[in-house]
Amino acid sequence: MDQDTAKVLSFFSLFLLVFPSSYSNSTLEKLIECLSQNSASDILYTQSNTSYSSLLQSPIQNLRFTTPSTPKPLAIITPLIYSHVQATVTCCRQQGLQITTRSGGHSYEGLSSTSNFPFVILDLVNIRSISIDVENSIAWVQSGATVGELYYWIAKKSPVHGFPAGICPTVGVGGHFSGGGFGTILRKYGLAADHVIDAHIVDVNGRVLDRESMGEDLFWAIRGGGGASFGVILAWKIELVHVPPVVTVFNFAKTLEQGATKLVHTWQYVAHKLDENLFIRVVIEVVGEGKNRIIKATFNSLFLGEVDQLMEVMKSSFPELGLGRKDCTEMSWIESVLYFSVYLKGETLDTLRDRVPEPKSFFKATSDYVTEPVTEIGLEELWKWCLEGETPIVIMEPCGGKLNYISESEIPYPHRKGNLYNIQYLVKWEDEEIGESRINWIGKVYENMAPYVSKNPRSAYLNYRDLDFGTNGSGVGETNSNYSQAMLWGCKYFKGNFRRLAMVKGEVDPNNFFSFEQSIPPLIYSVEPPNWDGLSYMGAAAL
């Protein structure tokens with residue numbers, strides 16, 4: 001072992017673990033030798049450590065993945081510096097252990113916290129520095145930071161700078177950016193991933209690469225293609241965007257008796273065409289109890305401007321809503337972050353910096369994109385299905401604006417021009433034992449919505465990941481993760497970009513070390529390809 005490698009590995013300590021029977025004593029000894037050059041128990045936690053359980057479960061947002069039957073990691077590593085990450089990749093690769101990288105713990109399907117194969121969690125909670133350069137409108141943000149922390153520190157530096165990422169402030173930057181990342185200003189500025197201009201990643205060989213050294217193909221892939229398939233993304237260089245000193249928000253609710261169906265039907269025709277400074281989403285919920293349960297549609301909006309300007313836009317573009325000045329509130333952009341988070345509404349901005357957690361629940365979700373307006377009859381069917389559920393939420397988020405002017409192959413996120421809006425179907429529950437009926441409801445609604453949503457492929461958003469679309473064999477180097485099988489879910493998330501993603505994977509991780517239930521499979525060409533089309537290839541199953 002050379003001195004540099006020894007120095008890297010010296011930060012780790014691994015204590016005796018109870019491995020599955022497939023792991024021999026010699027394998028365990030090799031792993032201990034690799035990671036235990038010098039003791040550093042403050043960054044590595046095993047199941048015998050008193051902090052293990054809280055460190056494992058505290059970040060997990062979906063309680064479905066905190067049950068006693070949920071597979072647990074052999075160890076949790078919380079690196080402090082890049083070399084800790086490099087050593088983790090090197091040692092786990094040597095011993096055939098899967099790495100599950102966690103930046104925030106919000107994976108809808110628990111993919112940042114569990115696995116069906118022997119694994120360790122690489123928790124980036126301490127890799128979370130943020131550096132803001134207002135003069136040049138750029139920032140470096142490490143993957144363990146949350147979206148809320150990023151917003152907070154931008155606002156501390158400037159009241160007229162922001163960033164087009166998501167609504168939930170506790171989502172980790174690493175997963176969010178690598179899946180695309182959209183929020184309330186996507187119609188003005190597009191996605192978070194559209195504004196990434198550099199990155200640092202640890203590859204399968206344990207090297208730290210930036211944009212220049214990783215190459216444009218890999219840089220393309222990690223901006224919307226799901227970074228965990230390609231390596232461990234450590235940090236992102238991003239372009240900040242301009243926000244006005246004053247923005248305007250509103251929540252405007254209507255029941256079916258108050259004309260909600262017609263309003264939602266009209267919204268489908270106008271929301272994607274509105275002034276790009278205006279974002280209006282629709283949140284469908286069931287309220288009331290027993291026979292008094294009814295559908296409520298809330299029009300939830302951010303306008304990048306003052307209320308007088310908003311009134312002019314609404315009068316000319318969506319007068320049917322009947323919005324008045326009294327329904328609107330002016331505030332700063334950073335205050336709107338708290339407003340949209342709901343659970344932080346009325347709290348101080350420090351809650352963003354302090355990563356105050358949101359309430360947890362068991363939940364299941366999936367998604368669609370809509371390319372043609374759903375008829376009123378179709379909407380009424382959806383309302384009926386919602387009333388058959390217990391605690392359903394349907395969120396419709398508009399497209400259009402900036403998204404129309406970016407090619408669907410510019411980055412892996414393909415859902416651009418031609419999409420009216422995204423739908424997220426979500427159901428929550430508090431008692432683990434009733435989960436099956438809630439999950440079945442989601443499946444039924446998803447099946448029933450097929451005539452009304454995008455087709456060939458039926459599209460979905462990666463950050464609302466759904467394993468019911470299909471999974472790989474997902475052990476380290478698992479050869480069952482073949483390209484044809486993965487197309488079942490890959491084309492939903494990436495459309496025509498899935499093939500290029502698999503080709504990039506084949507170049508940078510041909511043995512499929514960075515693998516999980518829906519990781520990109522390596523697509524290996526049998527000959528050196530002169531271009532992207534019309535070439536013979538073999539999938540990962542042929543490796």
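Analyst: Let's start with strand S18, residues 421-429: eight of its nine residues are buried, so the rest of the structure largely encloses it. Buried means under 20% relative accessible area, exposed means over 50%, and partly exposed is in between, using a 1.4 Å probe and protein chains only. Strands, like helices, are DSSP runs numbered from the N terminus: at least two residues of E for a strand, at least four of H or I for a helix.

Before going on, a quick note: this is a predicted model, where local features need pLDDT of at least 70 and side-chain atom pairs count only at pLDDT 80 or more, while totals for chains, interfaces and linings use all residues. Residues are numbered from 1 along each chain as its sequence is written, and side-chain values use heavy atoms, leaving out hydrogens and water.

So who sits beside S18? Strand S16 (residues 362-370) pairs with S18 in the antiparallel sense, over nine bridges; two strands count as paired if DSSP finds at least two bridges between them. Look for Ser367, whose bridge partner in S18 is Gln424. Strand S17 (residues 392-398) also runs antiparallel to S18, joined by seven bridges, and here Pro392 stands opposite Val427 of S18. As you trace a strand, remember that in a regular one the side chains alternate between the two faces of the sheet.

Now zoom out. The chain has 17 helices and 20 strands, and 58% of its 543 residues are buried. Of the contacts (heavy atoms within 4.5 Å) between residues at least 6 apart in sequence, 72% join residues at least 24 apart.

There are gaps inside, too: the whole structure holds three cavities of 30 Å³ or more. On a 1 Å grid over the protein atoms alone, a cavity is a set of points where a 1.4 Å probe fits but cannot get out, while a pocket is an open set with protein on both sides within 12 Å along at least five of seven lines; lining residues have an atom within 4 Å of a point. The largest cavity takes up about 100 Å³. Helix H12 (residues 333-341) gives the most to its lining, with four residues. Tyr151, Phe163 and Trp333 are among the lining residues, which divide into nine nonpolar, three polar and no charged.

The second largest pocket has a volume of about 320 Å³. Among its 16 lining residues, Ser58, Pro59, Gly104, Thr170 and Arg355 lie nearest the centre. That lining has four nonpolar, eight polar and four charged residues. In this count Ala, Val, Leu, Ile, Met, Phe, Trp, Tyr, Cys and Pro are nonpolar, Asp, Glu, Lys and Arg are charged, and the others, Gly among them, are polar.

Most residues other than glycine have a negative phi, and most peptide bonds are trans. Val342, not a glycine, has a positive phi of about 70°; you'll find Val342 in the loop between H12 and helix H13 (350-353), exposed at 60% relative accessible area. Asn456 and Pro457 are joined by a cis peptide bond, with omega about 0°, and Pro457 lies in the loop between helix H15 (435-448) and helix H16 (483-494).

Conventions. Grid points are joined across faces, edges and corners, and a volume is the space filled by probe spheres set on the points.
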